[in-house]
Amino acid sequence: MNYTIQASQRTPALIIYLIDISASMNMLMDDKRRIDVVYEALALAIRQMVFRSTKGNRLTPRYRIAILAYSDDVYDLLNGIKGIDEVAAVGSLPDLTPKRFSDSAKAFLQAERILQSELPHMQDCPAPLVCHMTDGVATGDDPEPIAKRIMSMSVPDGNVLVENIFISDHMLDQPILQPRRWKGIHPETELQDEHAAKLRNMSSPLPESYREMLAEADYLLAPGALMMLPGSCAELVSIGFQMSAATPVRA
Amino acid sequence: MKTNTSATSDKFTFISSQSSEHRLSTYQGQFACRYAYGRAMESLIQGEKGQDFVGVHIDGDTCNFVVCDGVGQSYQGDFAARFLGNTLMDWLGRTREWSSAAFAGFMQDITGAASEQLKHLTPPGEVPALLREVLEDKQKLGSQTMYICGRIELPSAKKRQGRIWMAWQGDSRLRFWKNDAEISEHFHATMLTNERWSTLTGPVGGLPHVYQTRLEYGLPMRLQLYTDGLDDLDPIRQVLPDEQIQILLDAPHTGGLEDDAAFLELRW
């Protein structure tokens, strides 16, 4: 239970992305639509997985991913779980087109079903991770109980990890001026937003192995930080997606 | 690269091939030398090169050795391991007096030749565009390998003191026994995963670690070096019989090796 199993072809990591595509994702951040910032950050995370999965000239499927976009419904953008080699072969990610509402409970429910089906076959694999990206209050049922159920699911490597990236300018009392020197959100961090506090309850502690991988990329999150990022700028959104792919892999 | 094994009148050389396995073998002269090489099952199935390297050259009472573990996430880690392994074997064969500064300088100086060769190893054209872009990015960052190298000059009845000199960067295992007592703790803090040698920049993560000591006549010693593919050996302190080491190399419990493995053991 220490999140140290390395992602390999035989023991691939599973990452499920839950992407909010509600109408507010059309709003601007750093002169770009939020949805475009997210798209670029997700594409960068996939590139990072490809980087970590090459040996010689070959891409070994060390990662398996699912991408569920949600508004009032859930859209399975990859049509199931796909190996990173299959994703790379396609070349580009499916479009993320903003729609109306933001029913994150439905997305967490679908992630839970995927995990129920996958976990029995993942006993030697790294603990799976669910990476949730949203920019506002959920409009459907409360997602927290489902997220808690997901966080209580486990494989020998550890409990399933849940990470939240919350695109908001009002979550912390002070702006983060140097993302690379930022210590992260901790259980005692004061949050200005009720929804942010809910998302914190749905966020796993950052495993030490992930923290070390991020430190190698010069992101200095402190021990005890939670897997929660305030997406107040493109770089922080990007750190959030890089965190999702920080599963240990063999050097 | 082909396997090169030769032995005549207490001269012996073994250079691993990255394209095939080498079962555990023994050479017995003034040194008792056991050596082996295995590829990860993934590489074996795909017919790919291993990314480790082991080389040893014994000439009577002297022995030069190199173990490398190419960094899989760097560009063509097999290249860095092979280039550095062969280059260090050559350097050990023609160098008699060492200093830490001279060695660090040498490790820097060889980056030009390494980068020039690596430039010609371009990514294949038929791979998906995203993979090709990533491989091109990696090529710009260079090829990397961890390594341990050294030279032993045995003491004799006439020359009562010999010496051992070793240098390393990375987390390959370096284990040393003096009269059956393991004294490897001395090295543990310096076997670091983030240290290696790069074709682009030379030593990465700091300067090479260097160890030198005298060897006393009549004191039995054992030096064991292996890459992390054989990490099942880590908790084992006693001398394992050949067949048990071979079982670890065959790794039937995991359906073959999960990572490439290079093994070298010297006793005197």
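**View 1. The hairpin of strands 6 and 7 in chain A.** In this predicted model, strand 6 and strand 7 of chain A form a hairpin in which three residues lie between the two strands. Strand 7 of chain A covers residues 74-76, and its pairing with strand 6 of chain A is antiparallel, over three bridges. Within this pairing, Tyr70(A) has Val74(A) of strand 7 as its bridge partner.

**View 2. Strand 6 of chain A with strands 1 and 8.** Strand 6 of chain A, residues 63-70, is mostly covered, since seven of its eight residues are buried. Strand 1 of chain A, residues 13-20, runs parallel to strand 6 of chain A and is joined to it by eight bridges, whereas strand 8 of chain A, residues 82-83, pairs with strand 6 in the antiparallel sense over two bridges. Ile65(A) can be followed through both pairings: Ile65(A) is the bridge partner of Ile15(A), and in strand 8 of chain A the bridge partner of Ile65(A) is Lys82(A).

View 3. Ser204(A) is found in the loop of chain A that lies between helix 5 (194-201) and helix 6 (208-216). Because its relative accessible area is 4%, which is under the 20% cut-off, Ser204(A) counts as buried. Leaving aside residues up to four places away in sequence, Ser204(A) touches Met151(A), Val160(A), Leu161(A) and Val162(A), and also Leu226(A) and Met227(A). Between Ser204(A) and Ile16(A) there are 188 residues of separation in sequence, while their C-alpha atoms are 15 Å apart in space.

**View 4. Strand 6 of chain B and the two faces of its residues.** Strand 6 of chain B, residues 62-70, is mostly covered, with nine of its nine residues buried. Thr62(B), Asn64(B), Val66(B), Cys68(B) and Gly70(B) point one way from this strand, Cys63(B), Phe65(B), Val67(B) and Asp69(B) point the other way, and the residues of both sets are all buried.

**View 5. The strands that pair with strand 6 of chain B.** Strand 5 of chain B, residues 52-59, pairs with strand 6 of chain B in the antiparallel sense over eight bridges, and Val54(B) stands opposite Val67(B) of strand 6. The hairpin made by strands 5 and 6 of chain B has two residues between the strands, and here Gly60(B) takes a positive phi near 65°. Strand 7 of chain B, residues 144-153, also runs antiparallel to strand 6 of chain B, and nine bridges join the two; within this pairing, Arg151(B) of strand 7 is the bridge partner of Asn64(B).

View 6. Chain B has seven helices and 15 strands, and its C-alpha trace spans about 65 × 45 × 35 Å along its principal axes. A compact globule of 268 residues would have a radius of gyration near 18 Å, so the 18 Å of chain B agrees with that expectation. Buried residues make up 59% of the 268 residues in chain B, and among its contacts with a separation of 6 or more, 67% are between residues 24 or more positions apart. The chain exposes about 11,200 Å², of which carbon and sulfur atoms supply 51%.

How values were computed: Residues numbered from 1 in each chain as written. Chains lettered and ligands numbered in written order. Predicted model: local features only at pLDDT ≥ 70, side-chain atom pairs only at ≥ 80, totals over all residues. Heavy atoms only, no water. Helix = DSSP H or I, 4+ residues; strand = E, 2+ residues; numbered from the N terminus. Rg over C-alpha atoms; globule rule 2.2 N^0.38 Å. Buried < 20%, exposed > 50% of the residue type's maximum accessible area, 1.4 Å probe, protein only. Contact = heavy atoms within 4.5 Å. Areas by Shrake-Rupley, 256 points an atom, 1.4 Å probe, with all protein chains shown as cover. Pairing = 2+ DSSP bridges.
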